[in-house]
Amino acid sequence: MQDTLRITEVFYSLQGETRTAGLPTVFVRLTGCPLRCQYCDSAYAFSGGTLRTLDDILEQVAGYRPRYVCVTGGEPLAQPNAIPLLKQLCDAGYEVSLETSGALDISAVDPRVSRVVDLKTPGSKEAHRNRYENIELLTPNDQVKFVICSREDYDWAVSKLIQYRLDERAGEVLVSPSHHDLNARDLADWVVADNLPVRLQLQLHKYLWNDEPGR
Ligand SMILES: C[S@@+](CC[C@H](N)C(=O)[O-])C[C@H]1O[C@@H](n2cnc3c(N)ncnc32)[C@H](O)[C@@H]1O
Ligand SMILES: Nc1nc2[nH]cc(C(=O)O)c2c(=O)[nH]1
Ligand code: SF4
Ligand SMILES: [Mg+2]
């Protein structure tokens with residue numbers, strides 16, 4: 001029996017988030033997530049999906065001839081075979097990123113992968129799931145992200161940024177407005193007013209394609 005993963009979709013689009021925003025990227029979306037963030041825009045990946053072998057996934061990715069590959073979900077690290085998938089994508093020569101909730105151990109992820117680790121805010125309703133041990137593992141190849149739902153979430157994120165010196169540990173600290181919860185302009189104004197060492201990011205794919213699955 002070959003190694004398999006439950007997969008919701010594999011598609012080629014522009015990266016809408018993180019430090020590679022705007023660059024053509026293949027997305028591999030793994031099915032299933034143990035969290036239920038109130039704002040989740042990918043709830044269609046909580047169930048269903050197709051069991052696929054690693055070789056089958058790698059072959060589809062190769063067909064797009066990409067430079068960038070993003071493994072997302074759902075929560076990719078909830079499937080043990082995400083670890084060999086990430087390694088084999090690196091071995092194949094792609095620049096690989098992993099989007100993860102921060103609720104699961106990131107230590108076994110190949111160090112060539114840029115780990116994009118959310119710190120779930122109180123507004124997500126899943127902040128109690130944050131695994132703070134992950135913060136000590138962050139390197140300049142990694143990114144930390146706060147999805148902000150309100151001014152209270154913003155103040156909470158600032159306190160975590162200072163407490164853990166996140167801008168000194170990770171290569172990027174990202175703040176993103178929770179789509180539908182917070183006006184991007186408000187978040188932008190707060191970041192400027194506080195001279196905060198973070199990068200504001202908007203989800204480009206929502207402006208371009210209105211949040212259709214597979215884009
Ligand atoms: C769908 S999640 C999948 C990966 C992983 N489960 C996680 O939460 O990081 C991918 C990214 O989208 C963000 N996201 C989900 N819903 C969002 C929304 N409504 N507005 C802004 N970002 C959102 C998540 O916080 C996460 O950074
Ligand atoms: N274009 C595009 N960029 C993305 N970056 C992260 C995504 C995700 O759902 O994790 C995503 C997505 O769904 N589409
Ligand atoms: S952890 Fe990620 S996939 Fe899971 S509910 Fe939260 S945003 Fe959605
Ligand atoms: Mg998405």
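The sections below treat the basis of the model, the sheet and the ligand sites in turn.

## Basis of the model

The model is predicted; local features need pLDDT of at least 70, side-chain atom pairs count only at pLDDT 80 or more, and totals for chains, interfaces and linings use all residues. Side-chain values use heavy atoms, with hydrogens and water left out, while residues are numbered from 1 along each chain as its sequence is written, and chains are lettered from A and ligands numbered from 1 in the order in which they are written.

## The sheet

Nine strands make up an open sheet of mixed pairing, in the order E3-E1-E2-E4-E5-E6-E7-E8-E9. Because E3 and strand E9 (199-200) stand at the edges with a single partner strand each, one side of each is left without a neighbour in the sheet. Strands here (E, at least two residues) are DSSP runs numbered from the N terminus, and two of them pair if DSSP finds at least two bridges between them. Strands of a sheet pair through backbone hydrogen bonds, either parallel or antiparallel.

Strand E1 (residues 4-14) runs antiparallel to strand E3 (residues 50-53), and four bridges join them.

## Ligand 1

The shell of ligand 1 comprises 21 residues, of which Tyr39, Gly74, Asp118, Lys120 and Lys145 come nearest; a residue is near a molecule if one of its heavy atoms lies within 4 Å of it. This shell divides into four nonpolar, nine polar and eight charged residues. In this scheme Ala, Val, Leu, Ile, Met, Phe, Trp, Tyr, Cys and Pro count as nonpolar, Asp, Glu, Lys and Arg as charged, and the others, Gly among them, as polar.

Polar contacts with the ligand are pairs of N or O atoms within 3.5 Å. An N or O atom in the side chain of Lys145 is 2.7 Å from an oxygen atom of ligand 1. Backbone N or O atoms also take part: one of Asp41 lies 3.2 Å from a nitrogen atom of ligand 1, and one of Thr100 lies 3.2 Å from an oxygen atom of ligand 1. Taken alone, ligand 1 exposes 540 Å², of which the protein buries 95% (Shrake-Rupley method, 1.4 Å probe). Strands E4 (68-73), E5 (95-100) and E7 (143-148) are the elements that give two or more residues to the shell around ligand 1.

## Ligand 2

Among the residues around ligand 2 are Ser13, Leu14, Phe27, Ser42, Glu99 and His205. The shell around ligand 2 holds two nonpolar, six polar and four charged residues.

A polar side-chain atom of Gln15 lies 2.5 Å from a nitrogen atom of ligand 2, and one of Arg29 lies 2.8 Å from an oxygen atom of ligand 2. A polar backbone atom of Arg215 is 2.8 Å from a nitrogen atom of ligand 2. Ligand 2 exposes 320 Å² when taken alone, and the protein buries 93% of that. E1 and E2 are the elements that give two or more residues to the shell around ligand 2.

## Ligand 3

Ligand 3 is surrounded by residues including Cys33, Cys37, Cys40, Phe46, Gly74 and Lys120. Its shell divides into five nonpolar, two polar and two charged residues.

How values were computed:
A polar contact is a pair of N or O atoms within 3.5 Å; within protein, one must be able to donate a hydrogen and the other to accept it, and residues adjacent in sequence count only if both atoms are side-chain atoms.
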